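Consider how the pieces of this chain are put together.

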Amino acid sequence: MNTKIYDKRVLEKYHGKTQIARILTESWFEKEMYCPNCLHEELLKNPNNTKVTDFICDYCNNEFQLKAQSKPFYSRVVDGAFYPMINSIQQNTTPNFSFMEYSFENWKVQNLFFIPKFFFTPSIIEKRKPLSNKARRSGWIGCNVLLSKIPELGKVKVIENETTLPEKEVQRSWKKLSFMDKEHAGKRAWLFDILYCIQQINKKEFTLDEIYNWENYLSEHHPKNYNIKPKIRQQLQILRDKGILEFKSKGIYVIKK
(Lines give C-alpha, C1' and ligand atoms only; values in the text may rest on other atoms or scores of the structure.)
Protein backbone atom coordinates (compact mmCIF):
# COMPACT_ATOMS: atom_id res chain seq x y z
CA MET A 1 0.00 0.00 0.00
CA ASN A 2 1.42 3.35 -1.06
CA THR A 3 0.79 5.98 1.64
CA LYS A 4 1.50 8.96 -0.67
CA ILE A 5 -1.52 11.19 -1.32
CA TYR A 6 0.33 13.67 -3.55
CA ASP A 7 -1.19 14.39 -6.97
CA LYS A 8 0.26 17.26 -8.97
CA ARG A 9 -2.81 17.48 -11.20
CA VAL A 10 -5.06 18.19 -8.23
CA LEU A 11 -2.76 20.93 -6.95
CA GLU A 12 -2.68 22.57 -10.36
CA LYS A 13 -6.44 22.46 -10.80
CA TYR A 14 -7.66 23.48 -7.33
CA HIS A 15 -6.55 26.17 -4.90
CA GLY A 16 -8.75 25.88 -1.81
CA LYS A 17 -6.93 23.85 0.86
CA THR A 18 -10.11 22.16 2.10
CA GLN A 19 -11.13 21.10 -1.39
CA ILE A 20 -7.63 19.87 -2.22
CA ALA A 21 -7.52 17.80 0.98
CA ARG A 22 -10.93 16.23 0.29
CA ILE A 23 -10.07 15.28 -3.29
CA LEU A 24 -6.63 13.92 -2.41
CA THR A 25 -7.80 11.82 0.54
CA GLU A 26 -10.85 10.43 -1.25
CA SER A 27 -8.79 9.63 -4.35
CA TRP A 28 -6.20 7.85 -2.22
CA PHE A 29 -8.86 5.86 -0.37
CA GLU A 30 -10.50 4.77 -3.60
CA LYS A 31 -7.18 3.79 -5.20
CA GLU A 32 -5.30 2.21 -2.28
CA MET A 33 -7.79 1.00 0.33
CA TYR A 34 -9.19 -2.53 0.36
CA CYS A 35 -12.15 -3.94 2.28
CA PRO A 36 -11.01 -4.86 5.82
CA ASN A 37 -13.83 -7.38 6.11
CA CYS A 38 -13.33 -9.53 2.98
CA LEU A 39 -9.99 -8.13 1.65
CA HIS A 40 -11.58 -7.33 -1.71
CA GLU A 41 -9.05 -5.11 -3.46
CA GLU A 42 -11.42 -2.35 -4.51
CA LEU A 43 -13.79 0.04 -2.74
CA LEU A 44 -16.13 1.93 -5.02
CA LYS A 45 -16.81 5.61 -4.49
CA ASN A 46 -20.48 6.51 -4.20
CA PRO A 47 -21.86 9.46 -6.18
CA ASN A 48 -21.35 12.87 -4.59
CA ASN A 49 -23.95 13.87 -1.99
CA THR A 50 -24.84 10.26 -1.18
CA LYS A 51 -26.14 10.45 2.38
CA VAL A 52 -23.90 8.96 5.09
CA THR A 53 -21.90 6.61 2.86
CA ASP A 54 -18.78 7.50 0.83
CA PHE A 55 -17.56 4.08 -0.36
CA ILE A 56 -18.88 0.56 -0.74
CA CYS A 57 -17.36 -2.90 -1.21
CA ASP A 58 -19.28 -4.48 -4.09
CA TYR A 59 -18.21 -7.94 -2.94
CA CYS A 60 -19.53 -8.04 0.66
CA ASN A 61 -21.64 -4.83 0.49
CA ASN A 62 -19.96 -3.20 3.48
CA GLU A 63 -20.33 0.58 3.38
CA PHE A 64 -17.75 3.08 4.59
CA GLN A 65 -17.69 6.73 5.57
CA LEU A 66 -14.33 8.49 5.43
CA LYS A 67 -13.29 11.19 7.88
CA ALA A 68 -9.91 12.75 7.13
CA GLN A 69 -7.95 15.58 8.74
CA SER A 70 -4.38 16.85 8.99
CA LYS A 71 -4.20 16.49 12.77
CA PRO A 72 -4.59 13.53 15.13
CA PHE A 73 -8.05 12.33 16.15
CA TYR A 74 -8.55 12.87 19.85
CA SER A 75 -11.51 12.35 22.17
CA ARG A 76 -14.37 13.36 19.87
CA VAL A 77 -15.14 13.81 16.18
CA VAL A 78 -17.89 15.99 14.78
CA ASP A 79 -20.51 14.05 12.81
CA GLY A 80 -23.93 14.70 11.32
CA ALA A 81 -27.46 14.92 12.71
CA PHE A 82 -28.01 13.37 16.15
CA TYR A 83 -31.38 11.63 15.80
CA PRO A 84 -30.72 9.98 12.40
CA MET A 85 -27.44 8.62 13.83
CA ILE A 86 -29.21 7.13 16.86
CA ASN A 87 -31.88 5.63 14.59
CA SER A 88 -29.26 4.08 12.31
CA ILE A 89 -27.56 2.49 15.34
CA GLN A 90 -30.85 1.05 16.57
CA GLN A 91 -31.64 -0.31 13.10
CA ASN A 92 -28.04 -1.50 12.49
CA THR A 93 -27.71 0.56 9.29
CA THR A 94 -24.71 2.63 10.37
CA PRO A 95 -21.80 2.55 7.90
CA ASN A 96 -18.31 1.55 8.94
CA PHE A 97 -16.26 4.64 9.78
CA SER A 98 -12.67 5.20 8.66
CA PHE A 99 -10.48 7.86 10.27
CA MET A 100 -7.50 9.13 8.29
CA GLU A 101 -4.77 11.46 9.55
CA TYR A 102 -2.59 12.86 6.75
CA SER A 103 0.30 15.30 6.45
CA PHE A 104 0.66 18.15 3.97
CA GLU A 105 4.36 18.30 4.79
CA ASN A 106 5.31 14.94 3.30
CA TRP A 107 1.99 14.25 1.52
CA LYS A 108 1.49 10.95 3.31
CA VAL A 109 -1.22 9.14 5.24
CA GLN A 110 0.18 8.99 8.75
CA ASN A 111 -2.52 7.00 10.52
CA LEU A 112 -5.65 5.20 9.39
CA PHE A 113 -8.06 3.11 11.41
CA PHE A 114 -11.60 1.79 11.10
CA ILE A 115 -14.43 1.56 13.58
CA PRO A 116 -16.75 -1.20 12.35
CA LYS A 117 -20.46 -0.44 12.29
CA PHE A 118 -21.17 -3.11 14.92
CA PHE A 119 -19.12 -1.08 17.40
CA PHE A 120 -21.44 1.92 17.27
CA THR A 121 -23.76 2.25 20.25
CA PRO A 122 -25.73 5.21 21.67
CA SER A 123 -23.18 5.55 24.50
CA ILE A 124 -20.50 6.84 22.09
CA ILE A 125 -22.78 9.41 20.46
CA GLU A 126 -22.82 12.83 22.11
CA LYS A 127 -25.73 15.17 21.46
CA ARG A 128 -24.69 18.72 20.57
CA LYS A 129 -26.60 21.88 21.40
CA PRO A 130 -29.25 22.99 18.86
CA LEU A 131 -28.16 25.69 16.43
CA SER A 132 -29.17 29.18 17.47
CA ASN A 133 -32.14 31.07 16.07
CA LYS A 134 -29.75 33.13 13.95
CA ALA A 135 -28.30 30.08 12.21
CA ARG A 136 -29.44 29.09 8.71
CA ARG A 137 -30.57 25.70 10.06
CA SER A 138 -32.01 27.01 13.29
CA GLY A 139 -32.75 24.29 15.84
CA TRP A 140 -30.75 21.62 14.01
CA ILE A 141 -29.07 19.16 16.41
CA GLY A 142 -25.79 17.53 15.52
CA CYS A 143 -23.67 14.94 17.28
CA ASN A 144 -20.10 13.97 18.12
CA VAL A 145 -18.56 10.50 17.98
CA LEU A 146 -16.75 9.93 21.30
CA LEU A 147 -13.58 8.13 20.25
CA SER A 148 -12.33 8.19 23.84
CA LYS A 149 -15.12 5.78 24.85
CA ILE A 150 -14.34 3.20 22.17
CA PRO A 151 -12.21 0.27 23.40
CA GLU A 152 -9.00 -0.34 21.46
CA LEU A 153 -10.44 -3.64 20.20
CA GLY A 154 -12.96 -1.54 18.28
CA LYS A 155 -10.29 0.44 16.44
CA VAL A 156 -9.00 -1.60 13.52
CA LYS A 157 -5.65 -0.11 12.53
CA VAL A 158 -4.50 -0.15 8.90
CA ILE A 159 -1.68 2.41 8.97
CA GLU A 160 0.17 3.40 12.13
CA ASN A 161 2.87 6.08 12.09
CA GLU A 162 3.13 5.74 8.30
CA THR A 163 3.67 1.96 8.62
CA THR A 164 1.18 -0.24 6.80
CA LEU A 165 -0.05 -3.27 8.73
CA PRO A 166 -0.40 -6.65 6.95
CA GLU A 167 -3.82 -7.15 5.39
CA LYS A 168 -4.42 -10.48 7.13
CA GLU A 169 -3.69 -8.86 10.49
CA VAL A 170 -6.19 -6.10 9.71
CA GLN A 171 -8.81 -8.68 8.77
CA ARG A 172 -8.19 -10.69 11.96
CA SER A 173 -8.75 -7.54 14.04
CA TRP A 174 -11.97 -6.86 12.12
CA LYS A 175 -13.28 -10.40 12.48
CA LYS A 176 -12.44 -10.70 16.17
CA LEU A 177 -15.62 -8.92 17.25
CA SER A 178 -17.68 -9.26 14.08
CA PHE A 179 -20.07 -11.59 15.93
CA MET A 180 -21.54 -8.39 17.40
CA ASP A 181 -22.88 -7.49 13.96
CA LYS A 182 -25.51 -10.21 14.33
CA GLU A 183 -26.70 -8.98 17.72
CA HIS A 184 -29.51 -6.51 18.31
CA ALA A 185 -28.62 -2.99 19.42
CA GLY A 186 -29.29 -3.59 23.12
CA LYS A 187 -27.03 -6.62 23.34
CA ARG A 188 -24.28 -4.88 21.36
CA ALA A 189 -24.46 -1.97 23.77
CA TRP A 190 -23.92 -4.23 26.77
CA LEU A 191 -20.93 -6.00 25.23
CA PHE A 192 -19.46 -2.66 24.19
CA ASP A 193 -19.84 -1.13 27.65
CA ILE A 194 -18.30 -4.16 29.36
CA LEU A 195 -15.31 -3.97 27.00
CA TYR A 196 -14.97 -0.28 27.82
CA CYS A 197 -14.97 -1.02 31.55
CA ILE A 198 -12.36 -3.75 31.09
CA GLN A 199 -10.12 -1.32 29.22
CA GLN A 200 -10.49 1.31 31.94
CA ILE A 201 -9.26 -1.22 34.51
CA ASN A 202 -6.09 -1.23 32.38
CA LYS A 203 -4.83 -4.65 33.41
CA LYS A 204 -4.33 -7.80 31.37
CA GLU A 205 -5.60 -9.84 34.32
CA PHE A 206 -8.55 -8.50 36.28
CA THR A 207 -11.09 -9.68 38.84
CA LEU A 208 -14.84 -9.81 38.86
CA ASP A 209 -14.88 -7.37 41.79
CA GLU A 210 -12.96 -4.83 39.68
CA ILE A 211 -15.71 -4.99 37.06
CA TYR A 212 -18.35 -4.72 39.78
CA ASN A 213 -16.79 -1.35 40.67
CA TRP A 214 -18.31 -0.09 37.42
CA GLU A 215 -21.83 -1.02 38.47
CA ASN A 216 -22.97 2.61 38.78
CA TYR A 217 -21.56 3.48 35.36
CA LEU A 218 -23.38 0.55 33.77
CA SER A 219 -26.60 1.43 35.63
CA GLU A 220 -26.50 4.92 34.15
CA HIS A 221 -26.14 3.54 30.62
CA HIS A 222 -28.71 0.77 31.12
CA PRO A 223 -31.31 2.31 33.45
CA LYS A 224 -33.95 -0.32 32.66
CA ASN A 225 -31.78 -3.15 33.95
CA TYR A 226 -32.06 -3.76 37.71
CA ASN A 227 -29.78 -6.78 37.85
CA ILE A 228 -26.45 -5.30 36.86
CA LYS A 229 -24.12 -7.84 38.49
CA PRO A 230 -25.75 -10.93 36.91
CA LYS A 231 -25.70 -9.07 33.58
CA ILE A 232 -21.98 -8.36 34.00
CA ARG A 233 -21.31 -12.06 34.59
CA GLN A 234 -23.38 -12.96 31.54
CA GLN A 235 -21.42 -10.59 29.29
CA LEU A 236 -18.08 -11.86 30.59
CA GLN A 237 -19.25 -15.39 29.76
CA ILE A 238 -20.08 -14.31 26.19
CA LEU A 239 -16.68 -12.65 25.76
CA ARG A 240 -15.03 -15.80 27.11
CA ASP A 241 -16.97 -18.02 24.71
CA LYS A 242 -15.98 -15.76 21.80
CA GLY A 243 -12.28 -16.00 22.66
CA ILE A 244 -11.83 -12.42 23.87
CA LEU A 245 -11.34 -13.38 27.52
CA GLU A 246 -9.97 -16.40 29.30
CA PHE A 247 -11.31 -17.65 32.63
CA LYS A 248 -8.25 -18.25 34.81
CA SER A 249 -9.83 -19.16 38.14
CA LYS A 250 -12.85 -18.21 40.25
CA GLY A 251 -13.50 -14.49 39.75
CA ILE A 252 -10.31 -13.92 37.72
CA TYR A 253 -10.22 -13.18 33.97
CA VAL A 254 -7.39 -12.66 31.48
CA ILE A 255 -7.55 -10.69 28.23
CA LYS A 256 -6.38 -12.97 25.42
CA LYS A 257 -3.97 -11.70 22.76
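The second largest pocket holds about 440 Å³ of space. A pocket here is an open set of points, on a 1 Å grid over the protein atoms alone, with protein on both sides within 12 Å along at least five of seven lines, and lining residues have an atom within 4 Å of a point. Grid points are joined across faces, edges and corners, and the volume is the space filled by probe spheres set on the points, the probe being 1.4 Å. The model is predicted: local features need pLDDT of at least 70 and side-chain atom pairs count only at pLDDT 80 or more, while totals for chains, interfaces and linings use all residues. Residues are numbered from 1 along each chain as its sequence is written, and side-chain values use heavy atoms, with hydrogens and water left out.

The lining of this second largest pocket has 19 residues, and nearest its centre lie Pro151, Glu152, Leu153, Lys176 and Gln199. Two or more lining residues come from each of β9, α4 (167-176) and α5 (185-201), with α4 giving the largest share, four residues. By type, the lining divides into ten nonpolar, two polar and seven charged residues; Ala, Val, Leu, Ile, Met, Phe, Trp, Tyr, Cys and Pro count as nonpolar, Asp, Glu, Lys and Arg as charged, and the others, Gly among them, as polar.

Strand β9 also belongs to an open sheet of seven strands, in the order β1-β2-β3-β5-β6-β9-β10, with mixed pairing. The edges are β1 (44-45) and β10 (163-164); each has a single partner strand, so one side of each is left without a neighbour in the sheet. Strands are DSSP runs of E of at least two residues, helices are runs of H or I of at least four, and both are numbered from the N terminus; two strands pair if DSSP finds at least two bridges between them. Within this sheet, β5 (residues 96-103) and β6 (residues 108-115) run antiparallel and are joined by seven bridges, and Tyr102 stands opposite Val109 in β6. Helix α2 (residues 17-32) lies across β1, β2 (55-56), β3 (63-69), β5, β6 and β9 (156-160), at about 120° to β5. Such angles run from 0 to 180 degrees between N-to-C directions, with axes fitted to C-alpha atoms, for helices over the stretch in contact; contact means heavy atoms within 4.5 Å.

A second open sheet has three strands in the order β4-β8-β7, paired antiparallel. Its edge strands, β4 (76-81) and β7 (125-127), each pair on one side only, and the twist averages 35° from one strand to the next. Three bridges link β7 to β8 (residues 142-146), where Glu126 stands opposite Asn144. Helix α3 (residues 82-90) packs on this sheet, touching β4, β7 and β8, and its direction makes about 150° with that of β7.

Strand β13 (residues 252-255) is joined antiparallel to β11 (residues 205-207) by three bridges, with Thr207 opposite Ile252. Four bridges join β13 to β12 (residues 245-249), again antiparallel, and here Glu246 stands opposite Val254. β12 and β13 form a hairpin with two residues between them, and Gly251 in the turn has a positive phi of about 75°.

In total the chain contains eight helices and 13 strands. Its C-alpha trace spans about 65 × 50 × 35 Å along the principal axes.
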